[in-house]
Amino acid sequence: MRAADDRQEVSGGSLSEEIAVRRWENGRLRGATTSVVREARVRLHVNGVEWLSLLATPRELDMLAIGFLAAEGVIRAAEDARRVVVCPSGTCVEVWLWDAAATRPSGLTLTSGCGGGITFADLSAEQQPMTADARATARQLGRLMFQLQERERTRGLHTAALCDSERLLVVAEDVGRHNTLDKLLGRCLTEGIATEGRILLTTGRVSAEMLNKAMRMKTPIVASRSSPTTLSVALAEAWNVTLVGYVRRDSLNVYTAQARVLDDAEEVGINA
Amino acid sequence: MRSRDDAWIALDRSFKTFMDSLGHLTEEELTASDVVGRWSVKDVVAHVWSWVDEAVQTAKAWQGKRPWQEGVGYDDGWNEKQVQSRAALPLINVVDGLTGAHRRFMHLLDMTEDAELAKVGKAPWDEEMTLVDFFYSMAGHYQEHAVDLKNYQERCLECD
């Protein structure tokens, strides 16, 4: 097996660009600059074959590719990829798998993400309920969400984080909320960070395919600054995932598997 | 005889070197003629693309009949004809064409059985070798032209 350095070409690139605008403020129009989030159509090639294209912030595309393939069940570990190459323009990422015969899963579904998320997963397929466990107090979730917002470097991007009850462990940003989870998973797989039993935070709406990605990561608590959907609530109930919405410093809603979110007075027992 | 992995790594690295050598050139420099012999950098990319295309077809029929190669010299005339057939394409399409051909070639290397890779056949230039060595030889072709481009790049930098 080759070393990770040989396998990966980590792509940099900024999250936003400075754009000249005319700004109206205090009754006057004047020239100004503002930062605008970068977005590009990114093609994913696997074993030399184009599988799909998706809209994404062209940064950490190697992580996005690894995470996407893992979330879709194509690979199980970062080492399953022999080489990941991000093209210099940031509009194409190539993954060469050790399994040269891997084929694109059928049943591609365009998801509801603003960034045009794509999944091959059949969400109606029966999943085993979540067995991994975690606990957090409502106050801890509020603090974590506050930390996540503090970390938001560019307005207009979705942000997601893998956390324990006290800290953000890994943070990812993208125009697409699905992509943030894929980037998180990609980074965790690449750097050997365990996701099981952790908390998943997102600034985006938790729809069914977001929950499906959380199931892959085995994160029993999924907390969002925004809302869940009716389907994600139903799936979270069936899969024993604690779904938390509208997380603020002083309020939140727990929709399903409510026992994992505790009052301040209760003891916290969560994987650190 | 080289291994599949030797060929894969050599092709992967030399292709990267070749593509990197395009990186610092402006569009004007990429299309200026008479920079590598009579060719432009774009022509060089088109030339390499034509060879990778030919290599894909050759590898697929390594021990079979290759009627399209009968009577073809694979000389300067053939090279010139291939470059001319791509001359009308925009630069981006030529680079895309090479990238796509490279991906097909790598995938073919991945998918070919070990026993097939060990079989001896003839390269288009009439040299006998195993199929895996034929794959490996194309890395040398990338490398050869990467050197041309690197030399041109250095000349461009000296002019700046």
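These questions and answers go through a predicted model with chains A and B. Residues are numbered from 1 along each chain as its sequence is written, and chains are lettered from A in the order in which they are written. Local features need pLDDT of at least 70 and side-chain atom pairs pLDDT 80 or more, while totals for chains, interfaces and linings use all residues; side-chain values use heavy atoms, without hydrogens and water.

Colleague: How many strands does chain A have?

Modeller: Helices (H or I, at least four residues) and strands (E, at least two) are DSSP runs, numbered from the N terminus. By that rule chain A has six helices, and its strands number 16.

Colleague: What share of the residues in chain A is buried?

Modeller: Buried means under 20% relative accessible area, exposed over 50%, and partly exposed in between, with a 1.4 Å probe and protein chains only. Of the 272 residues in chain A, the buried share is 53%.

Colleague: Which residues of the largest nonpolar core touch the most other members?

Modeller: A nonpolar core is a set of buried Ala, Val, Leu, Ile, Met, Phe, Trp, Tyr and Cys residues joined through side-chain atoms within 4.5 Å. The largest one has 51 residues. Those touching the most other members are Leu11(B), Phe18(B), Val41(B), Leu98(B) and Phe135(B).

Colleague: How much area do chain B and chain A bury between them?

Modeller: Buried area is the accessible area (1.4 Å probe) that two parts lose on being put together, summed over both. Carbon and sulfur atoms carry 50% of it here. The total is about 1,200 Å².

Colleague: Which residues in chain B lose the most area to chain A?

Modeller: Three residues together make up 47% of what the chain B side buries. They are Trp8(B), Arg103(B) and His107(B).

Colleague: Which residue meets Arg103(B) in a salt bridge?

Modeller: A salt bridge is a side-chain nitrogen of Lys or Arg within 4 Å of a carboxyl oxygen of Asp or Glu. Between chain B and chain A the count is four. For Arg103(B), the N to O distance is 2.7 Å and the partner is Glu94(A).
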